[in-house]
Amino acid sequence: MKTIYRAAALAAIAIASLVACGNAGAKNDEKTDETKKAVVELNTEQFNAKVYDMNKEGLKFLGNKPAIVDFTATWCGYCPIMGSAFDSAKSQMSGALELVSLHGDGSDLLFKETNTLAKRFNVDGFPTGIIDGRASIPNYQVKEVTAKAAMDVAKETQEAYPAKSAIACSSSLYGSSLSVDLSLYFKEADTYRVTILLLEDGIKGSQNGVSGTYTHNDVARKALTSINGEEVVIADDYQKWNKTYKVDDVYSNWKSDNLKILVYVEKPYGDQTVVKGVGEAEYGRYGDTYIDNCRVVKVGETAALELR
């Protein structure tokens with residue numbers, strides 16, 4: 001069993017960088033609408049001491065968390081099978097996997113950016129799952145086969161591409177205004193991309209292929225960045241990057257207690273070997289990046305940096 005270490009120094013860093021959203025209350029009302037961001041440079045010694053200690057029994061970023069993008073729709077009769085398979089994969093991997101459901105045209109839960117990502121990943125039918133931006137899981141119509149295919153790719157990502165980024169964030173919601181304070185930590189210089197999505201769980205409604213009421217989870221409601229990610233240029237190794245994101249159109253019918261933030265960071269392959277060919281997955285080159293790490297936190301809560 002892996003032990004999670006929360007060092008006091010790391011907690012202090014996370015609190016200092018994230019306090020703007022944490023229990024800010026009235027202070028948030030005093031903020032301007034201007035987006036805030038800053039790059040904080042750390043030398044190797046500082047980074048090792050505060051963020052990424054490579055000299056203590058292989059301490060690593062908590063993460064290497066693969067992400068599954070599930071292309072789905074309420075009219076899709078086969079989609080619940082794939083959704084159930086991905087839930088099973090997440091459970092079997094003890095939560096070391098995150099999910100997002102993108103509903104396409106004609107769905108009661110339409111997410112307007114779904115078509116953009118569907119084109120990027122060459123999705124030509126629902127349901128389709130994309131694992132880490134590297135592999136496609138088609139509709140096998142058998143829960144166990146689909147779950148195993150997803151886990152095979154996720155585990156392959158963890159082994160072949162150790163995380164070079166770590167994520168800490170917090171958020172607050174006041175009426176229709178949502179604010180997210182994000183801190184990213186990078187081991188290597190590179191040009192990364194970060195995507196932030198607002199998701200909702202526990203949506204009761206209809207679903208073709210299921211009799212009675214169906215509960216939809218991990219449903220994408222809003223993108224706080226471009227759906228293809230915002231570019232983050234890290235010029236040197238061992239850096240921390242901060243930014244505050246705000247939106248003012250969170251709908252009142254979205255249940256605040258069920259809302260959560262998904263953050264994922266993409267990294268270029270660079271000179272790394274592009275690994276492909278495990279299990280039942282279908283591999284494609286969907287661009288020059290893969291998902292390096294991801295994090296989910298409920299709206300109103302804080303996800304501080306953790307090491308393991």
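## Close-up views of a predicted model

**View 1. The largest nonpolar core has 26 residues, and L178, L182, V194, L198 and I261 are those with the most contacts inside it.** Here a nonpolar core is a set of buried Ala, Val, Leu, Ile, Met, Phe, Trp, Tyr and Cys residues joined through side-chain atoms within 4.5 Å; buried means under 20% relative accessible area, exposed over 50%, and partly exposed in between (1.4 Å probe, protein chains only). At least two residues of this core come from each of β6 (165–174), β7 (177–186), β8 (190–200), β12 (230–234), β13 (239–247) and β14 (259–268). The most is given by β7, with 5 residues. Helices (H or I, at least four residues) and strands (E, at least two) are DSSP runs, numbered from the N terminus. This is a predicted model, in which local features need pLDDT of at least 70 and side-chain atom pairs count only at pLDDT 80 or more, while totals for chains, interfaces and linings use all residues. Residues are numbered from 1 along each chain as its sequence is written, and side-chain values use heavy atoms, with hydrogens and water left out.

**View 2. Take a look around L178, one of the core residues with the most contacts.** Leaving aside neighbours within four places in sequence, L178 is in contact (heavy atoms within 4.5 Å) with residues including L173, L198, L224, Y245, V247, V250, I261 and V299. Another core, of 21 residues, lies apart from the largest one; V69, V123, I227 and I291 are among its members.

**View 3. The loop between α5 (114–120) and β4 (128–131) holds P127 and also N122.** The peptide bond from F126 to P127 is cis, with omega near 0 degrees. N122 is not a glycine, yet has a positive phi of about 55 degrees. Most residues other than glycine have a negative phi, and most peptide bonds are trans. N122 counts as exposed because its relative accessibility is 59%.

**View 4. D132 sits in the loop between β4 and β5 (135–137).** D132 also has a positive phi of about 55 degrees without being a glycine. At 0% relative accessibility, D132 counts as buried.

**View 5. V69, L117, R120, F121, G133, Y264, E266 and I291 line the largest cavity.** Its volume is about 50 Å³. Both α5 and β14 supply at least two residues of this lining.

Conventions: On a 1 Å grid over the protein atoms alone, a cavity is a set of points where a 1.4 Å probe fits but cannot get out, and a pocket is an open set with protein on both sides within 12 Å along at least five of seven lines; lining residues have an atom within 4 Å of a point. Grid points are joined across faces, edges and corners, and a volume is the space filled by probe spheres set on the points.
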